[in-house]
Amino acid sequence: MTTQTKPIELHYWPTPNGWKITIYLEETGLPYDVHYVNIGKGEQFEPSFLKIAPNNRMPAIIDPEGPGGEPISVFESGAILQYLGRKTGKFYPTDERARVEVDQWLFWQMGGLGPMAGQAHHFRKYAPEKIAYGIDRYTNEVNRLYGVMNKRLADRPFLAGDDYTIADMASVGWVKPYEQQGQDLNDFPNLKRWFETIMARPAVARALEVGQEYRRNIAEDKEAQKVLFGQRAS
């Protein structure tokens, strides 16, 4: 395990993707400094941020003590979790079979739960027109994905098995706003048990508080919506 003497530089905004990294950092006790990226004001498009996050999305990190002792920047939340897991040896197994289990569920979240929940949020809460097809399409898909998790968790405490890992950290923040996704956790008892177990962890509680004072209702902020939902290639 590596000892971190200089803080990780975390470029962050309090959203489900940002929470993935604060959860990991709080769980491991790694020192970190937060650099807020106000996505409602377009700060993710600043040239300095583009250098470390070419997709113009947070979170991103700079590790001043990267491979060979030299700084390294990492963007994309899943890649950050894997990098930190390899570096610290925590919450990411070294055994290949166990690591494959974690990676499967991490990428399931990255490619499924996160994007589909995000679309459900958009069509249910932010879309200027309430389009029934979009609402039904994504609400139903999130429901299906919750069902996948519920079945998976029927005979194991965590997504990858007996141990709490980065796969769980990646997913819990996307389940947190389940009501906004049109879901009822009582319909998914195994998922509910998993969710309540993780939310009760002190490190997770601390992680979710990072930057809470900056959260606001984007549904009422039309200028922020223009920034977030009107992006095109530049």
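Helices here are DSSP runs of H or I with at least four residues, numbered from the N terminus. With that in hand, we can find our way around this predicted model, starting at Phe158, which sits in the loop between α5 (132-152) and α6 (166-175). Is Phe158 buried or exposed? Its relative accessibility is 12%, and because buried means under 20%, Phe158 counts as buried.

Let's look at what surrounds this ring. Setting aside neighbours within four places in sequence, Phe158 touches Leu153, Asp163, Tyr164, Asp168, Trp194 and Ile198.

Now for the aromatic pairs, of which the structure holds eleven. One of them joins Trp13 and Tyr214, with 5.7 Å from centre to centre and 25 degrees between the planes, so this pair counts as stacked, the limit being under 30 degrees. The pair links distant parts of the chain, its members being 201 residues apart. Trp13 belongs to the loop between β1 (8-12) and α1 (16-28), while Tyr214 belongs to the loop between α8 (202-209) and α9 (222-229). Trp13 counts as buried because its relative accessibility is 8%, whereas Tyr214, at 38%, counts as partly exposed. Both rings are part of a cluster that ring pairs build from Tyr12, Trp13, Tyr36 and Tyr214.

Finally, have a look at two arginines placed over tyrosine rings. Arg99 lies over the face of Tyr92, 4.2 Å from the ring centre. Arg137 lies over the face of Tyr138, and there the distance to the ring centre is 5.3 Å.

Definitions and conventions
Residues are numbered from 1 along each chain as its sequence is written. This is a predicted model: local features need pLDDT of at least 70, side-chain atom pairs count only at pLDDT 80 or more; totals for chains, interfaces and linings use all residues. Side-chain values use heavy atoms; hydrogens and water are left out. Rings of Phe, Tyr and Trp (its six-membered ring) pair if their centres lie within 6.5 Å; planes under 30 degrees apart count as stacked, over 60 as edge-to-face and the rest as tilted. Helices (H or I, at least four residues) and strands (E, at least two) are DSSP runs, numbered from the N terminus. Buried means under 20% relative accessible area, exposed over 50%, partly exposed in between (1.4 Å probe, protein chains only). A charge sits over a ring if NZ of Lys or CZ of Arg is within 6 Å of the ring centre and within 35 degrees of the ring normal. Contact means heavy atoms within 4.5 Å.
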